[in-house]
Amino acid sequence: MRKVLTIVGRIIVFLVAGCFKLALFLLKAISDELRRSEKRAKEHEKKIARAENSELRRLRLNAARKAANE
């Protein structure tokens, strides 16, 4: 009976340790994905800002050309 309890106790300890490792792995994977997502969002914002800057530059050039022609 004592051996059975010892074996059951070890099994429980290994299961708890496995669950703990799994939880740590999942937390790390989630945090990595959030970090990547934030990085993608920043890059997307930079692309939009660059596009807006080039659009504004083009509009200013067109306005300057019109002003020069008048």
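Trainee: How far apart are the mean positions of the positive and negative charges of the protein?
Mentor: The mean positions of the 18 positive and 8 negative charges are 13 Å apart. Lys and Arg count as positive, Asp and Glu as negative, with His and the chain ends not counted. Each charge is placed at NZ of Lys, CZ of Arg, CG of Asp or CD of Glu.

Trainee: What sort of model is this?
Mentor: This is a predicted model, where local features need pLDDT of at least 70 and side-chain atom pairs count only at pLDDT 80 or more, while totals for chains, interfaces and linings use all residues. Residues are numbered from 1 along each chain as its sequence is written, and side-chain values use heavy atoms, with hydrogens and water left out.

Trainee: What does the C-alpha trace span along its principal axes?
Mentor: About 105 × 5 × 5 Å. Valine 8 lies in helix H1, residues 2-69.

Trainee: How much of the protein is buried?
Mentor: Buried residues make up 0% of the 70 residues. Buried means under 20% relative accessible area, exposed over 50%, and partly exposed in between (1.4 Å probe, protein chains only). Valine 8, at 38%, is partly exposed.

Trainee: And the accessible surface, what does that come to?
Mentor: About 7,000 Å², of which 66% belongs to carbon and sulfur atoms. Accessible areas come from the Shrake-Rupley method with a 1.4 Å probe; for residues, only the protein chains shown count as cover.

Trainee: Which residues form a nonpolar patch on the surface?
Mentor: Leu22, Phe25, Leu26, Ile30 and Leu34, with about 520 Å² of accessible area together. Leucine 26 is in helix H1 and is partly exposed at 44%. Patches are made of residues with over 30% relative accessible area and no salt bridge; like charges are joined within 9 Å, nonpolar side chains (Val, Leu, Ile, Met, Phe, Trp, Tyr) within 5 Å.

Trainee: Which residues form the positive one?
Mentor: Lys42, Lys46, Lys47 and Arg50. Lysine 42, also found in helix H1, counts as exposed at 56% relative accessibility.

Trainee: Switching to salt bridges, how many are there?
Mentor: Five, where a salt bridge is a side-chain nitrogen of Lys or Arg within 4 Å of a carboxyl oxygen of Asp or Glu. One of them joins lysine 28 and aspartate 32, with the closest N and O atoms 3.3 Å apart. Lys28, Asp32 and Arg35 are linked in a network.

Trainee: Why can lysine 28 and aspartate 32 be about one helical turn apart?
Mentor: Because they are four residues apart in helix H1. Lysine 28 counts as exposed, at 52%.

Trainee: What about arginine 58?
Mentor: Arginine 58 has a salt bridge with glutamate 55, the closest N and O atoms being 2.5 Å apart. These two are three residues apart in helix H1, so about one helical turn separates them. Arginine 58 is partly exposed at 41%, and glutamate 55 is partly exposed at 36%.
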